[in-house]
Amino acid sequence: MATIPLPFSLAKVQEIIRQYPTPFYLYDAAGIIRCVQGLQAAFAWNEGFREYFAVKAAPTPGILSLLSSLGCGMDCASMTELMLCERLGITGDRIMFSSNDTPGPEYEYARRLGAIINLDDLTHVDFLEAHGGIPDTVCCRYNPGRFSLDKNAIMGNLQDSKFGMPREQLLEAFRRLKAKGARHFGIHAMLISCSLDAAYFPTLLEDLLSLALEAKEKAGVEVEFIDLSGGIGIPYRPEESPVDIQAIGQAVRQIYAQLALANGLHPRLYTELGRYITGPYGYLITTALHEKRTYKHYLGVDASACDLMRPAIYGAYHHISVLGKENAPADHLYDVTGALCENNDKFAVDRLLPQVAMGDILVIHDAGAHGRSMGYNYNGKLRCGELLLEPDGSLRLLRRAETPKDYFATLDCTGLFDDLA
Ligand SMILES: *Cc1c(COP(=O)(O)O)cnc(C)c1O
């Protein structure tokens, strides 16, 4: 199998480790920049196109300000995600607030920031009116109940999805919003997660444009923007290929010409990609600590599911490289484990790797989205820090590793941990 190129060498990582012991996340800024520019080029034909990065994927100021400097807005869903944006000077229509089950104070805060509010339910029209007021510009989240990429295949049952409103409710939400003074309208839908199918965005747009036409006829509302949201996948497995974002942009353009322009609509298009933007450009760097041969051959590393929980909760595949052994034959079968007292704390099961020596550095790929941000503290494990590799090769600390003091900080036991630095 071809080796997957890394944006850093063994020597570079060894140098980093002298200052920052493993485990840590390492993000490749150059890769993120290339990715955003490619996306923007693919949709440059649509005037007003904007990517709203899904903050939950990688909520650190270093990454958000890099994306903001490239012209991205931010997609938020919580108070602290909004706070991050406000502190970075990202406000107004550069924030898409795509929340659900939203507490009143979060709507109030989003309104104070001038964010675009994306309502998840019809009942939220009155709720928003009571918590911050009806804005000029508002978006509604659509759930069609069913969705298929081709006529024969049903993609998951959206009737089990808690997100968004059915068509009739969304039209009613538009009518009520309009009656209460809203003047600019958008529609949003996220029907898939981690899809490598190039047909997803064009098919979704087709659906949303038919809804936009209905909104015009039945609610007297002109849809000014369509948010295709996230869901574009990345090739976690080496045998998978990345999507061709330019081809997707062109396929979307065709649908747009046929169904929007031809019907007198010219909405701005938005995306809220997270995984696609940072996923491939974040690496979890960890060191081999223990080798254990029982019924299986285990390789214990110094990271755990607390740093990256996707394999444990979804059985997700993350490719693993052994630094400096990229060209050695992968002829040893390992389970790669963390230290949690949970048998699902395995970064890989039955994975062929080159023979690993204790002290070897392992790179867990594609951890740059929904990785560190999903971390937790089970077993009192401290979550690792995050570093950014700048395009010029310099290194920036985005987030230090947690300390015991952080872990104990919320306990109400005055004095017990005062000696901790
Ligand atoms: C999680 C999420 C995204 C990003 O999803 P990806 O799979 O990372 O692209 C975008 N929008 C909303 C509303 C989300 O919840």
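Reader: Let's start with D366: is it buried or exposed?
Author: This is a predicted model, where local features need pLDDT of at least 70, side-chain atom pairs count only at pLDDT 80 or more, and totals for chains, interfaces and linings use all residues. Residues are numbered from 1 along each chain as its sequence is written, and side-chain values use heavy atoms, without hydrogens or water. D366 lies in the loop between β15 (361–364) and β16 (385–389) (DSSP runs numbered from the N terminus: helices are H or I, at least four residues; strands are E, at least two). Its relative accessible area is 9%, and the cut-offs are under 20% for buried, over 50% for exposed and partly exposed in between (1.4 Å probe, protein chains only), so D366 is buried.

Reader: And what is the phi of D366?
Author: D366 is a residue other than glycine, yet its phi is positive. The angle is near 60°.

Reader: How does D350 count by relative accessibility?
Author: D350 also has a positive phi without being glycine, near 50°. The residue belongs to strand β14 (residues 346–353). Because its relative accessibility is 43%, D350 counts as partly exposed.

Reader: Which residues touch the most other members of the largest nonpolar core?
Author: This core has 105 residues (buried Ala, Val, Leu, Ile, Met, Phe, Trp, Tyr and Cys, joined through side-chain atoms within 4.5 Å). Helix α8 (residues 200–219) gives the largest share, ten residues. Domain 1 (10–25 + 280–408) and domain 2 (29–276) each supply at least three, the bounds coming from an automatic or database domain assignment. The residues touching the most other members are L119, F174, L177, I277 and V336.

Reader: What is I277 in contact with, beyond four places in sequence?
Author: I277 is one of those core residues with the most touching members. Contact here takes heavy atoms within 4.5 Å. On that basis, leaving aside neighbours within four places, the partners are I32, C35, V36, L39, E51, F53 and L67.

Reader: How far apart are the centres of the two domains?
Author: The domains do meet: 20 residues of domain 1 are in contact with 22 residues of domain 2. Taken over C-alpha atoms, their centres are separated by 32 Å.

Reader: Which residue pair is joined by a cis peptide bond?
Author: P23 is found in the loop between α1 (10–19) and β1 (24–28). The bond has an omega of about 0°, and it joins T22 and P23.

Reader: On to the ligand: which residues come nearest?
Author: There are 14 residues around the ligand, each with a heavy atom within 4 Å of it. The ones that come nearest are K56, G231, E272, R275 and H370.

Reader: What is the distance from the ligand's oxygen to H370?
Author: Polar contacts here are pairs of N or O atoms within 3.5 Å. A ligand nitrogen is 3.1 Å from a side-chain N or O atom of S229, and a ligand nitrogen is 2.7 Å from one of E272. For a polar side-chain atom of H370 and a ligand oxygen, the distance is 2.7 Å.

Definitions and conventions. A polar contact is a pair of N or O atoms within 3.5 Å; within protein, one must be able to donate a hydrogen and the other to accept it, and residues adjacent in sequence count only if both atoms are side-chain atoms.
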